[in-house]
Amino acid sequence: MSKPRLDQRIQFCATRDGTRIACAKTGEGYPIVRAAHWLTHLEFDFESPVWNYWIRELSRFNTYIRYDERGFGLSDWNPTELSFESFVSDLESVVDFLGLQRFALLGGSQGGAVGIAYAARHPERVSHLILYASFGRGLKKMGGREQDPGALARWESLTQMIELGWGRENPAYRQLFTSLFMPDANAEQVRWFNELQRVSCPPKNAARLLEILADIDVVDLLSKVSVPTLVLHARHDEVIPFEAGRGLAARIPGARFVPFEGRNHILLESDPGWATFLREIREFLGVGVGGGTEVVPLVSGEAGAELASQRLLIQMEAVPLSSFAIAGNYVRYSSNVRSALKDWKQRVLGSLTSARPGIENYLIWGSPGSGKSFLIQEVARSQGNSLQFDEINLAECDESSFVARLREASATDCPCLCLIDEVDAKPVDSWPYERLLPYLTGSNRRTPLINVLAGSSTSGLEEMKQRIAARPKGSDLLNRIPADNEMVIPGLEPGDSALVVLAQLKRAGANLGHPVREVEKLALYYILLNPRLSSARQLAEFARQCVERLPPAEDRVKYDHLFRAGDPENKAFWNRVELQRPGLSDAFVSISD
């Protein structure tokens, strides 16, 4: 297998307390985020004989994202806070900064505990959770089979050794840590890891981190982890006991446990478990190789989602899209969701068409992928030329452009609907809400101006409001929004996703002059389970390609039309869903406007 040339792209993001965190990207593809653990340095690791093969192989089919923990590597060495909660918050800051809506999360050592806490809080963001050599309780919290007798005493001795000898030129003190973490390392790896300890952080940070690790306890969160989870652990790990990994797998619902031979805490390329580690992760994420280094995505998904999609499609026969529409092309499957969103739409339109001039403000939170922005766009489009529609994305604006766009929207003499998207962006800047406030009030308008402030970060509306309130002028901003003008847009369920797919195929057929009237249920099943077809843009392009493959007189999209000729994914998925095919293959859903 060829080794792709990698370029590392390092950026810096600021956390809520102002700490600068260094993060790096390598590779291309579906993102894997590695929750930070101690002893990292983005630049030093990139060329190292210990981590370079991790970076190379995890970047082969994916975008691999790493970041240095606060107090370590290229991140700030003197943060205002060094705690487990700050580690989880830093992970939140990194993925928000990078704009990741959904990703696989890899946690090794204490990064596993951070990953568990994040996945429990944000299940909608994590598609897969991978835990390697991880633990749920630190040494001070462990008990029973999890704890190696005498481990706590040894750990306390190590903390004292760090304070005494970590920063010295002589590597004798650091050599002990190297022997524990990698007892089977070769001479080059030993020299490098000894040096990493010296350059990655000051002794006080290393000692403080060991104290934090010993007090970690996320066991109560394990039952709340609802994302697909893979747990891997070497049988004779010298740092984290094997029973700790097995305990994680036993307590996380549906987790798969993969033990392998070895005693290195940091898995080396020469270890017998390295091939197992890579194979299991690639199968879990659904990536493989076909024809050189071409990525062949193997559709992955948890059993519950697959079963829900299968049952839905078996029952689905005819879909009149207009019956599910809320505004324009924005559709939702649940009648309760449709009713709530239609009521909200009517309130907004009622304000816009009212004879009463002035400014009215709304706040909406939509889970990632819910189409919150598209809903507002379609509400505006449904009114034709009777109003002006402005869309301002805070995340894409600097201070001057943000003010200019606000001024432009407020200056119009006709009724105006203004979407201020990602209103919770730029959390470390002090200017956004100070600049926005003057445009949320005013009595000199002769026509209605409706501001819709929209966000999708955090776990929901209340948490987003808490974070807004904690920012400069945030409480003043929230005071401009009546409680009755708040709205939550729920995430998409399988029925919603099916409607989106059908609408995209119908629209692609209309745009290409090739009407689509039916879609095979197996084709829909494939699309619903494919994580690479999760955004509207991806679906639109995929739908166009499918319609272009239709024979001239064919108005049905069949399963085979999803693939190029000879695409190995066609057969791979067909074989994988052998038990699910009855009721889906050669069965069709009809579409009408």
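Modeller: Let's start with charge: the protein chain carries 67 positive and 74 negative side chains, with the centres of the two sets 2 Å apart. Lys and Arg count as positive and Asp and Glu as negative, leaving out His and the chain ends, and each charge is placed at NZ of Lys, CZ of Arg, CG of Asp or CD of Glu. This is a predicted model, where local features need pLDDT of at least 70, side-chain atom pairs count only at pLDDT 80 or more, and totals for chains, interfaces and linings use all residues. Residues are numbered from 1 along each chain as its sequence is written, and side-chain values use heavy atoms, without hydrogens and water.

Colleague: Thanks! What share of the 593 residues of the protein chain counts as buried?

Modeller: Buried means under 20% relative accessible area, exposed over 50%, and partly exposed in between, with a 1.4 Å probe and protein chains only. By that cut-off, the buried share of the 593 residues is 55%.

Colleague: Is S456 buried or exposed?

Modeller: Its relative accessibility is 9%. Because of that value, S456 counts as buried.

Colleague: Which residues does S456 touch, not counting those up to four places away in sequence?

Modeller: Contact means heavy atoms within 4.5 Å. With that exclusion, S456 touches Q101, W365, G366, P368, K372, E422, D424 and M464.

Colleague: And where does S456 lie?

Modeller: Helices (H or I, at least four residues) and strands (E, at least two) are DSSP runs, numbered from the N terminus. On that numbering, S456 lies in the loop between β15 (448-455) and α17 (461-469).

Colleague: How many helices and strands are in the protein chain?

Modeller: Counting those DSSP runs, the protein chain has 22 helices and 19 strands.
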